Amino acid sequence: MTQAILDAVHQAMSSPWIYLALFALAMLDGFFPVVPAETSVITAGVFAASTGAPNLALVIVVAALGAFVGDHVSYAIGRTTNNRLRNGKRSGKAIAWAEQALTQRGGLVLVVARYIPAGRTACTLTMGAVAYPRRSFAFFDAIAALSWGVYSGLIGYVGGAAFENDPIKGLLLGLGIALSITALVEVVRHVRRRRTAEEPRPAVVRARD
């Protein structure tokens, strides 16, 4: 059974259509975050290391291009559904977080948000909703998409190289690294948020309140 699955995945990864599939998944992930785009790119990286197919450089390029296009779709959605997003219970909280982060860090928050679960979609929607300049959005999004493509592809490649003769173990290692990094980011965000909440406010602000 395991060998049959491996053969099927290997056949899919060896097909030239894999690049179109990776592009489509990365694009959809930009505005429909339940799509397993990152897992697919990591898997492609694993097989690039263990079997030589697909080509790692092409995997990174098509994943980055798909993410770039998907983020612009999300930006356009934000421009047209501003009020509806803000009034939603869950989406309203995400939009509020992204808007505050955007105020504090500007376009760089888009690069950081790409590595936060659901953060990238909230951020791109918010940037569209607040009419963030499209040229600046494209500049920061290009950095975010390319860095994400390199990150995901190389994590898979590292896993595949470590277990060259066992792609499943390589995939598990790659996914484990990705999950560990995501967990670390979330822990750091949680600690910083708690410290910020516990910091005493200036007397002028307290008096104004």
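**A walk through the helices and cores**

The protein averages a pLDDT of 82, with 79% of the residues scoring at least 70; pLDDT is the predictor's confidence in each residue, from 0 to 100. Over residues 203-209 the pLDDT is below 50, and this stretch has two contacts in the model beyond near neighbours in sequence (contact means heavy atoms within 4.5 Å).

Some ground rules: this is a predicted model, where local features need pLDDT of at least 70, side-chain atom pairs count only at pLDDT 80 or more, and totals for chains, interfaces and linings use all residues. Residues are numbered from 1 along each chain as its sequence is written, and side-chain values use heavy atoms, leaving out hydrogens and water.

Now let's go inside. The largest nonpolar core has 16 residues, and Leu22, Val41, Val59 and Trp148 have the most contacts inside it. Such a core is a set of buried Ala, Val, Leu, Ile, Met, Phe, Trp, Tyr and Cys residues joined through side-chain atoms within 4.5 Å, and buried means under 20% relative accessible area (1.4 Å probe, protein chains only). Helices H2 (17-29), H3, H4 (56-80) and H9 (134-162) each supply at least two residues of this core; helices here are DSSP runs (H or I, at least four residues), numbered from the N terminus. H3 gives the largest share, five residues.

Take Val59: not counting residues up to four places away in sequence, Val59 touches Tyr19, Leu22, Val41, Ala44 and Pro54. There's also a second, separate core of eleven residues, including Tyr75, Leu102, Val109 and Met127.

Finally, look at Phe47 in helix H3 (residues 37-50). Phe47 is buried, with a relative accessible area of 5%. In soluble globular proteins, nonpolar side chains tend to be buried together.

How values were computed: Buried means under 20% relative accessible area, exposed over 50%, partly exposed in between (1.4 Å probe, protein chains only).
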